[in-house]
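Thanks for asking me to look this one over. Here is the structure, and my comments come after it.

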Amino acid sequence: MRRFSPGRYSFGMILFVVLVIVVFNASNWYIYSKIRSYLIGQLGQRLANIASATAFGLNLEKVLKAREKTVAYEEIKNLLNNVKEDNQLVDIFILDLDYNNILNPPADSGSEVFLNLDLAAITQAMAGTKAYSHLYQVGDYFFESGFAPIYDSEGKVIAVLGVEAGADFFKVLSNFKKTIIGAFVLSLLGMILLAVLFWNITAHLRKMEHTVVRTSALQAMGEMVASICHEIRNPLGIIKGTAERLRSANQKNRDELLDFIPEEVDRLNDILTGYLEFASLEPKRKERLDITPLVTKIVEQLKGTFSKSQIQVLLNTEDDLPQVEVNPGGIRQIIINLLMNAKDAIQRSGVVNIRLKRQDRFVQLEIEDNGRGIRKKDLKQIFNPFFSTKSKGSGLGLYVVQKIVKEHQGAITVESKPGQGTKVVIKLPIGSTD
Ligand SMILES: Nc1ncnc2c1ncn2[C@@H]1O[C@H](COP(=O)(O)OP(=O)(O)OP(=O)(O)O)[C@@H](O)[C@H]1O
Ligand SMILES: [Mg+2]
């Protein structure tokens with residue numbers, strides 16, 4: 001059977017989402033760079049064409065004389081100013097082959113834009129081909145320039161005409177770029193959030209899957225145990241009955257060995273009862289009663305077993321404890337299991353303290369021993385069914401105890417110090433009438 005694997009599915013999901021985000025961002029970026037280079041090209045072409053057309057109409061003589069700031073200078077300046085206004089240019093200028101601005105020498109122009117000129121494009125124009133610069137930014141503004149050669153009568157390039165225009169729409173494009181980067185950062189954050197979310201969901205699903213598998217395994221085991229116990233109990237009943245009949249038939253030559261049979265059958269029955277408790281899924285019937293006499297009676301019954309092992313059992317109860325709604329059989333089982341654990345932990349002489357007291361809305365039952373204690377790493381597992389550190393332990397004792405406590409809407413905690421002892425605290429809720 002193929003098992004559902006949440007890890008694999010969520011990993012696939014994350015991969016898909018990451019892919020979508022990457023494709024989305026990459027396509028945004030692609031569109032942006034395409035639009036940008038298209039607009040740069042278009043504007044550059046237009047500027048280069050303006051420069052070329054203006055350069056073509058220039059009178060070479062006047063251009064050369066312009067340096068001398070004569071009438072020719074004014075004429076050229078006027079002509080270029082008209083071109084500037086007609087085409088809404090930021091600047092228009094003529095550079096000689098030494099890159100000097102013929103009409104506006106740097107000393108009196110102070111043009112910052114001039115410093116940003118694209119040398120590669122100017123050199124290309126000097127070589128005889130119109131060209132345009134890359135896009136450049138001064139403060140918040142974007143600019144681009146076009147260049148065209150100015151020829152003499154022999155077809156030799158003697159200067160370069162440059163035109164420069166602002167490009168407001170690049171501001172919009174620049175905002176678009178910021179938006180794309182913002183979207184990328186946001187989606188990156190989203191991706192991280194998503195990964196964390198998926199990780200949590202996966203961990204939760206894994207836990208749930210584990211619980212479901214465990215519960216169904218326990219249920220199956222429980223059913224199996226119940227049916228086996230049931231089948232074993234019948235022949236045990238027959239064995240006990242037969243032994244008792246043999247005993248009464250041999251009243252005269254009484255053989256003590258015959259007494260062992262019913263005793264051992266009873267012990268086997270007790271063990272089976274324990275397993276049946278583990279297997280039982282039905283909550284037991286509860287009744288409202290004073291817990292002190294119930295606990296006292298159970299402890300009295302067990303004291304014999306403990307005195308044999310030189311273990312002192314001390315019971316300390318608070319007066320006037322409120323009644324609790326419990327299943328007496330369940331309480332009995334809790335106490336037996338906890339006392340047996342204490343006994344096993346003490347091995348030889350020691351003390352077990354049992355206390356009954358009121359704590360807020362609970363009656364608290366404490367069982368504390370000064371036995372060997374529980375190692376830290378075992379402490380996490382003691383409630384797991386079949387966890388036992390004992391060679392003959394079934395590992396069901398505390399599992400059953402916890403189950404009964406839960407059936408009583410109570411709580412159980414275990415504190416233990418290796419080498420010093422263990423204290424188990426059980427809280428049973430007091431009914432609303434008390
Ligand atoms: N009072 C205690 N002192 C030291 N260790 C304890 C004590 N109570 C429980 N443990 C540890 O917890 C384990 C689980 O206890 P649990 O009662 O569930 O099973 P078990 O005693 O091993 O077997 P079973 O109760 O079925 O005979 C024990 O094997 C033991 O290691
Ligand atoms: Mg036990």
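The points below go from the overall picture to a sheet, its helices and the ligand shell.

1. Before anything else, please keep in mind that this is a predicted model. The protein has 12 helices and 12 strands. Of its 434 residues, 21% are buried.

2. I would look next at the open sheet of 5 strands, whose order is β7-β9-β10-β12-β11 and whose pairing is mixed. Its edge strands are β7 (311-317) and β11 (411-417), each of which pairs on one side only. Ignoring direction, neighbouring strands of this sheet are turned by 15° against each other on average.

3. At the β11 end, you can follow the pairing in detail. β11 and β12 (residues 421-429) run antiparallel and are joined by 7 bridges. If you want one pair to display, Ser416 has Thr422 in β12 as its bridge partner.

4. α9 (residues 291-308) lies across β7, β9 (350-359) and β10 (362-369), and runs at about 170° to β7. α10 (328-346) lies across β7, β9, β10 and β12, running at about 25° to β10.

5. How do α9 and α10 pack, in angle and in distance between axes? The angle is about 35°, and the axes are 10 Å apart. Their crossing is right-handed. On the α9 side the contact involves Leu294, Val295, Ile298, Val299, Leu302 and Phe306. These meet Pro328, Ile331, Arg332, Ile335, Ile336, Leu339 and Lys343 in α10. By class, that contact has 11 nonpolar and 2 charged residues, with no polar ones.

6. α10 and α12 (397-407) each supply at least two residues of the shell.

7. Finally, the shell itself. There are 23 residues around ligand 1, and those that come nearest are Asn341, Ala345, Ser388, Gly393 and Gly397. By class, the shell divides into 11 polar, 8 nonpolar and 4 charged residues. For a figure, you could show ligand 1 with the five names above and colour the shell by these classes.

How values were computed. Residues are numbered from 1 along each chain as its sequence is written. Chains are lettered from A and ligands numbered from 1 in the order in which they are written. This is a predicted model: local features need pLDDT of at least 70, side-chain atom pairs count only at pLDDT 80 or more; totals for chains, interfaces and linings use all residues. A residue is near a molecule or strand if its C-beta atom, placed from the backbone, lies within 6 Å of it. Helices (H or I, at least four residues) and strands (E, at least two) are DSSP runs, numbered from the N terminus. Ala, Val, Leu, Ile, Met, Phe, Trp, Tyr, Cys and Pro count as nonpolar, Asp, Glu, Lys and Arg as charged, and the others, Gly among them, as polar. Axes are lines fitted to C-alpha atoms, for helices over the stretch in contact, and angles run from 0 to 180 degrees between N-to-C directions. A crossing is left-handed if the near helix is turned anticlockwise from the far one by less than a right angle, and right-handed if clockwise. Two residues are in contact if their C-beta atoms, placed from the backbone, lie within 7 Å. A residue is buried if 20 or more other C-beta atoms lie within 10 Å of its own, exposed if 12 or fewer, and partly exposed in between; C-beta atoms are placed from the backbone. Two strands pair if DSSP finds at least two bridges between them.
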